[in-house]
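Hi,

Here is the structure I promised to pass on.

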Amino acid sequence: MEFAPICVYLVISLLFSLILIGVSFLFASSSNLAYPEKLSAYECGFDPFDDARSRFDIRFYLVSILFIIFDLEVTFLFPWAVSLNKIGLFGFWSMIVFLLILTIGFLYEWKKGALDWE
């Protein structure tokens, strides 16, 4: 019985999703056939400039890794702040150590020039 609200939420969200998908199929038109440019590889109408397998800068990977490390790790702050009165002083200092390590890592990456694009 204690999981009933979760089950109701899942059923409602599933039904809502199916209804939205069904409505989109109802209102979708075949007007895409009138514009052959939209059916090309690029919607903007430009021909591809180069091979799709061409190399690109490694900094794109670096930015994504840094995003995962520094931005997503900060999401631990919300549950910590919500449960701060229950976890006590040990939980507080544990998060301070975590934030200190995260800040040291951020400063290291900054000093190494990982955040500079040029």
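This is a predicted model: local features need pLDDT of at least 70, side-chain atom pairs count only at pLDDT 80 or more; totals for chains, interfaces and linings use all residues.

**What I found**

Residues are numbered from 1 along each chain as its sequence is written, and side-chain values use heavy atoms, with hydrogens and water left out.

**The overall picture**

The protein chain has four helices and zero strands, in the order α-α-α-α from the N terminus. Helices (H or I, at least four residues) and strands (E, at least two) are DSSP runs, numbered from the N terminus. The accessible surface is about 10900 Å², and carbon and sulfur atoms account for 72% of that; areas come from the Shrake-Rupley method with a 1.4 Å probe, and for residues only the protein chains shown count as cover. If you take contacts between residues at least 6 apart in sequence, 53% of them join residues at least 24 apart, a contact being heavy atoms within 4.5 Å.

The unreviewed UniProt entry annotates residues 6-28, 60-81 and 87-108 as "transmembrane region". Its positions are given here in our numbering, with feature names shortened, and such annotations may be inferred rather than shown by experiment. In the model, residues 6-28 are 96% helix and 0% strand, with end C-alpha atoms 33 Å apart. Residues 87-108 are 100% helix and 0% strand, and there the end C-alpha atoms lie 30 Å apart.

**Helix α4**

Where does α4 bend? At F90, by about 75 degrees, taken as the angle between axes fitted to the seven residues ending there and the seven starting there. α4 covers residues 84-112, and its 29 residues put the end C-alpha atoms only 34 Å apart, short of the 42 Å a straight helix would reach at 1.5 Å a residue (the expected span is 1.5 Å times one less than the number of residues). G91, M95 and L102 are buried in α4, and the cover over its buried residues includes α2 (59-71) and α3 (77-82). Just past the end of α4, G113 takes a positive phi of about 90 degrees.

**Aromatic pairs**

There are five aromatic pairs in the structure. Rings of Phe, Tyr and Trp (its six-membered ring) pair if their centres lie within 6.5 Å; planes under 30 degrees apart count as stacked, over 60 as edge-to-face and the rest as tilted. W80 and F92 are stacked because their ring centres are 6.2 Å apart and their planes at 25 degrees. W80 sits in α3 and F92 in α4, so this pair ties together parts twelve residues apart in sequence. W80 is buried at 17% relative accessible area, whereas F92 is partly exposed at 27%.

F106 and W110 make a tilted pair, 6.0 Å centre to centre with 50 degrees between the planes. They are four residues apart in α4, so about one helical turn separates them. F106 is partly exposed at 32% relative accessibility, and ring pairs link F70, F106 and W110 into a cluster. T103, also in α4, is partly exposed at 41%; T103 and F70 are 33 residues apart in sequence and 8.8 Å apart in space, C-alpha to C-alpha.

Cheers

Terms used:
Buried means under 20% relative accessible area, exposed over 50%, partly exposed in between (1.4 Å probe, protein chains only).
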